[in-house]
Amino acid sequence: MTSPAGFAAALGRRRTCWQAGVCLAVLLGALYLARRHWPALESGAGRLADADQGWLLAGAVAAVGTWAASALAQQGAVVRRLPGARLVAAQFAAASANHLLPAGLGAGAVNLRFLMRCGLPPARAAGALAVKAATGAAVRLALIALLAPACPGLLRLPHVSPVVVAAVLAGAVLAAVLLATPWWSRCRRALAAVLTDIRVLHACPTRAAALWGGSLAFAALHALVLIAVTRAVGLPLAPLQVALLYLAASSAAALLPTPGGLGSLDAALALVLTAAGTPGAAAASAVLGYRLLTVWLPLLPGLLVLGVLVRRKAL
């Protein structure tokens, strides 16, 4: 008979294998796309090497600011006062962990552990993450609605294929089935708990301002990174247009469960930039520059910070 410790170890190994399989599939897909579009990537990398260093430095500063904005939004999602330095460090580490696991699981796991170490019960910590995620999504949609009239014709609704219609209908059927199962009562209780947390937070003006202000700053700073990179490589797009394209691409990429949006966000950014009239090589250089500043350069330092936090039992 298997002991509880042995069962937990087997479950952990199975979860690790599943995560490794997902990451390998994403990596193979990215390698296939890179090989297929290698000429554009090679030209884009060369263009990025000759880019304006001042604009790239400005993009790097904006990328650093995203961690502080994320920390501010996370503090806004919790009534309890969190340790500021550890909170920023946790967001830095979470950003790196998020690029190793699909669908934001890395960042969610790091922040969940951090909040629990700060004394929050698991349910309350999970609710804080849900409040932060919902606020971030609402901010992105509001910014798109605000910027779209200022950039008429930039975003075009794609042609709706029968596959998309079938997927929507399947989702509706799944939702109807869920309503008839015991899972719905659990989902309803979880949703009610999140709504209660939202009401409590908005009863405190400082927490509400931190939540919405941090979420707005996070989206705006990421858009600024892309704007700085497009300026560095000489793309003929106005800053408001680049910001709108980033918000649309990141919102679409959030629907695909890839680690940190790797692959999905790259493809979405390249698609919207080329659809806006940017040459393929220039779009590739902008995407590469954005990823360099937001992912590849901070990745190893972020993982080192994650190791330090774990060793010090801050996570």
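Leu221 touches Ala62, Gly65, Thr66 and Ala69, leaving out residues up to four places away in sequence. Contact here means heavy atoms within 4.5 Å. Leu221 and Ala62 are 159 residues apart in sequence, yet their C-alpha atoms are 5.4 Å apart in space. Leu221 sits in helix 9. Helices (H or I, at least four residues) and strands (E, at least two) are DSSP runs, numbered from the N terminus. Leu221 is buried, because its relative accessible area is 19%. The cut-offs are under 20% for buried, over 50% for exposed, and partly exposed in between (1.4 Å probe, protein chains only).

The structure is a predicted model, in which local features need pLDDT of at least 70 and side-chain atom pairs count only at pLDDT 80 or more, while totals for chains, interfaces and linings use all residues. Residues are numbered from 1 along each chain as its sequence is written, and side-chain values use heavy atoms, with hydrogens and water left out. The pLDDT is the predictor's confidence in each residue, from 0 to 100. The protein averages a pLDDT of 78. At least 70 is reached by 69% of the residues. Among the elements, helix 9 has the highest mean pLDDT, 95. Helix 1 (residues 4-36) has the lowest, 49. Over residues 1-5, pLDDT stays under 50, and the model has 1 contact beyond four places in sequence for them. Residues 7-12 also stay under 50, again with 1 such contact.

The secondary structure comprises 12 helices and 0 strands. Of the 315 residues, 38% are buried. The protein exposes about 17300 Å², and carbon and sulfur atoms supply 73% of that area. Accessible areas come from the Shrake-Rupley method with a 1.4 Å probe; for residues, only the protein chains shown count as cover. Among contacts between residues at least 6 apart in sequence, 75% join residues at least 24 apart.

Helix 9 (residues 205-232) also holds Thr230. Thr230 is buried, because its relative accessible area is 1%. Beyond four places in sequence, Thr230 touches Leu235, Val242 and Ala286. Ile144 lies in helix 6 (residues 122-147). With a relative accessible area of 16%, Ile144 is buried too. Its contacts, neighbours within four places set aside, are Leu155, Leu244, Leu247, Ala248 and Ser251. Ile144 and Ala248 are 104 residues apart along the chain, with C-alpha atoms separated by 7.0 Å.

The structure holds 2 aromatic pairs. Trp67 and Phe92 form a tilted pair, at 4.4 Å centre to centre and 45° between the planes. Trp67 lies in helix 3 (residues 53-76) and Phe92 in helix 4 (residues 84-97), so the pair ties together parts that are 25 residues apart in sequence. Trp67 counts as buried at 18% relative accessibility. Phe92 counts as buried at 16%. In the other pair, the ring centres of Tyr246 and Tyr290 are 5.9 Å apart and the planes stand at 55°, so this pair is tilted. Tyr246 belongs to helix 10 (residues 239-253) and Tyr290 to helix 12, so parts 44 residues apart in sequence are tied together. Both Tyr246 and Tyr290 are buried. Rings of Phe, Tyr and Trp (its six-membered ring) pair if their centres lie within 6.5 Å; planes under 30 degrees apart count as stacked, over 60 as edge-to-face and the rest as tilted.

The structure also holds 1 salt bridge. Asp266 forms it with Arg291, and the closest N and O atoms are 2.9 Å apart. The pair links distant parts of the chain, 25 residues apart: Asp266 is in helix 11 (residues 264-275) and Arg291 in helix 12. A salt bridge is a side-chain nitrogen of Lys or Arg within 4 Å of a carboxyl oxygen of Asp or Glu. Arg291 counts as buried, because its relative accessibility is 4%.

Helix 12 (residues 280-311) also contains Trp296. Trp296 counts as partly exposed, because its relative accessibility is 47%. Leu292, Trp296 and Leu297 form a nonpolar patch on the surface, with about 310 Å² of accessible area together. Patches are made of residues with over 30% relative accessible area and no salt bridge: like charges are joined within 9 Å, nonpolar side chains (Val, Leu, Ile, Met, Phe, Trp, Tyr) within 5 Å.
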